[in-house]
Amino acid sequence: MSSDPSIILPRVLIVSRRTVRKNKFVDFVGEYHLDLIVSYGAVPVIVPRVSGVHMLLNSFQPIHGVLLCEGEDIDPCFYQQQDITTSGLSQEELDEIRRVHVSDTSIDKEKDSIELSLAKHCLERNIPYMGICRGSQVLNVASGGTLYQDIEKELTKCRPESKTVMHINYDDYDGHRHVVKVVESTPLHNWFKDSLEENGKMEIFVNSYHHQGVKRLAPRFVPMAFSPDGLIEGFYDPDTYNPEEGKFIMGLQFHPERMRKPDSDEFDYQGCPFAYKEFVKAVIVYQKRLNGLTYIQKPLKLLNKEMENKRKIIVRSFSVAKNLYSSSGHGMSSLKECELKAGEEFFESNTVLSVQQENRLKQMGATVRNGGSYIEKVKVNEEKEKIARNVMGKMSVEKLSDLLSFYHTMGHICSEVLERKINNNNVNYDFS
């Protein structure tokens, strides 16, 4: 098994759903989702819906993408406080909803916690996210939107019969379809463009299986499709949608993965798998960007002349610092100004010297408690740091990645050389 990041496929987290089999809980994920993720070049990583996992999500790093799909109703406590117009459902109506949709209305707080945490994580870091069915509702709630607790009770009753829609058919899960109107100039429109042009309408027939849906769409999102009753069937964030740049935040209430012809794997429309294709494209780019900010050790023989000169400067800098420590303050007056110049020039040229780099000095044995005056010289003032941030803000991702890779390489070289010098001198240092 190779550990080379360049040949490791990106990871897409998918949270499992719980069911009962042989009187025991079983976790599962629909295979259509897994198959499409794999076919387009990513690896699905299943996050089990078991107690306590929401506290362990950091252990699933690195996360290159998140796909959330089916599941039970989201606990209303996560969005009711955001809804200035409550559902107004009576207790009798709520009881009836539970009887009709018994398989979906059992709240799963653990799954809610896991998925809402992942959604917020993606939103905060612009990690590619695609929500299908419940996953789209999770995305909306995580962004401050609200849901209809029951479409039939809250939405359908307010529409004329000609505008009513059956969003769920328990007797024909796979075969059920209803029409949606696609919004022009959206990703959904681009994916289904050929089919829309063929039928001369901005409409497609989709498979759905839900009794809840988006009530108030979070402000950051834009609708991509509506059903005749006015329910939002798809939405995305236009500010974070560009698969070629690793950006993809989207929710689809319907199931494109299940829109296939009877007894066949052939899709109803050519555009059906495009959501997964573009999502994985964004995931792959995001992984490359992330790897560009991750240290990858390179052979030292690849250093060019310029880097070799800088290596000598930084080695000299830490060597001087080591001598300062060794002297414990004695004989410091014998050090000439020029002996400190190499380190001073290097660190002053590094306009982003920070506490983190100061800590690195400590970690490498150049303890600062006996070299305070030296540390003061090599610190860059706030104005220089501000200038550096402005300059770096205008640099491309590739240039920033090269810069970070260079400094990681320098740190590795310095650590290696310093360790060898320390061992040769038989000097014992306290790293506490």
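**Exercise 1. Find out how many aromatic pairs the whole structure holds, and classify the pair Tyr173 and Tyr209.**

Searching the whole structure gives 7 aromatic pairs. Rings of Phe, Tyr and Trp (its six-membered ring) pair if their centres lie within 6.5 Å; planes under 30 degrees apart are stacked, over 60 edge-to-face, and the rest tilted.

Step 1: the ring centres of Tyr173 and Tyr209 are 4.1 Å apart, and their planes stand at 40°, so this pair is tilted.
Step 2: locate the partners. Tyr173 is in the loop between α5 (151-154) and β8 (178-182), and Tyr209 in the loop between β9 (203-206) and β10 (213-216), 36 residues apart. Helices (H or I, at least four residues) and strands (E, at least two) are DSSP runs, numbered from the N terminus.

A word on the source: this is a predicted model, where local features need pLDDT of at least 70, side-chain atom pairs count only at pLDDT 80 or more, and totals for chains, interfaces and linings use all residues. Residues are numbered from 1 along each chain as its sequence is written, and side-chain values use heavy atoms, leaving out hydrogens and water.

**Exercise 2. Is Tyr209 buried or exposed?**

Step 1: recall the cut-offs. Buried means under 20% relative accessible area, exposed over 50%, partly exposed in between (1.4 Å probe, protein chains only).
Step 2: apply them. Tyr209 has 19% relative accessibility, so Tyr209 counts as buried.

**Exercise 3. Classify the pair Phe221 and Phe235.**

Step 1: their ring centres lie 4.9 Å apart with planes at 50°, so the pair is tilted.
Step 2: Phe221 is buried at 5% relative accessibility, and Phe235 is buried at 1%.
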